[in-house]
Amino acid sequence: MNYRYIFWDNDGVLVDTERYYLQASREALARVGIALSNAQFAEISLTAGRSIFDIAAASGVSGQTIAELREWRHRRYARLLEQKDVALDGAANVLESLHGRIGMAVVTSSQRQHFEIIHRRTGFLPYFDFCLTREDYASSKPSAEPYLLALRHCGHAAEEILVIEDSPRGLQAAKAAGLTCWVIPGHYTTAQDFAAADRVLDDIRGVMQLNL
């Protein structure tokens, strides 16, 4: 199949940021005495697409306190990102090679403030025709809405699109939108079920298998 457009997920696919999101989330929950394991993070955030603060709510933490913790987590995550070079090995070369040969966009669940901090260092943004962040749609992955919105933006048919994801919720969103999805399992998702993926890659360089 000759694809005409790639929709890239961001975190875990192009950039190594999930560890810092986990760190900020773990530190936020620790402020109310709750421990967050890697397995909980993977299941709640990367598989189900829910908020890790559901753990706090289930423990009886008030809504006001959870809102304060969420804002604290956002600020802490931003500070961590500002200190790190997070581009994944191979991503720059792959994007540079594909640029001009196929249309590309980013469809991410990241907030725009964090997305912009991330890509101040990567230099990746000129490779993309557009980028959709969490503020651009009502329902996040695993809802199909982000990818359906991206389809409207790019103007191509679903069968002409390839999605690159790293998480079960991202895979579910892509398939619900009727799109082909290749998965690159990350550090927190290697044990997850990707049977529905059209292809599972070892790393981002596998995208170069495309016949363009």
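Me: What makes aspartate 16 and arginine 19 a salt bridge?
Reply: This is a predicted model. In it, the closest N and O atoms of aspartate 16 and arginine 19 are 2.6 Å apart. The cut-off is 4 Å between a side-chain nitrogen of Lys or Arg and a carboxyl oxygen of Asp or Glu. The pair is within it, so it counts as a salt bridge.

Me: Why is aspartate 16 called partly exposed?
Reply: Its relative accessible area is 24%. Buried means under 20%, and exposed means over 50%. The value for aspartate 16 falls in between, so partly exposed is the label. Arginine 19, at 42%, gets that label by this rule too.

Me: How do you know that arginine 205 and aspartate 89 link distant parts of the chain?
Reply: They are 116 residues apart. Arginine 205 lies in the segment after β6, whereas aspartate 89 sits in the loop between α4 and α5. Their side chains meet in a salt bridge at 2.8 Å, N to O.

Me: Is aspartate 89 buried or exposed, and why?
Reply: Aspartate 89 has 62% relative accessibility. That is over 50%, so aspartate 89 counts as exposed.

Me: What makes arginine 205 and aspartate 203 a salt bridge?
Reply: Their closest N and O atoms are 3.3 Å apart. That is within 4 Å, so the pair qualifies.

Me: How many salt bridges does a search of the whole structure find?
Reply: The search finds eleven. Asp9, Lys141 and Glu165 are linked in a network of salt bridges.

Technical notes:
Residues numbered from 1 in each chain as written. Predicted model: local features only at pLDDT ≥ 70, side-chain atom pairs only at ≥ 80, totals over all residues. Heavy atoms only, no water. Buried < 20%, exposed > 50% of the residue type's maximum accessible area, 1.4 Å probe, protein only. Helix = DSSP H or I, 4+ residues; strand = E, 2+ residues; numbered from the N terminus.
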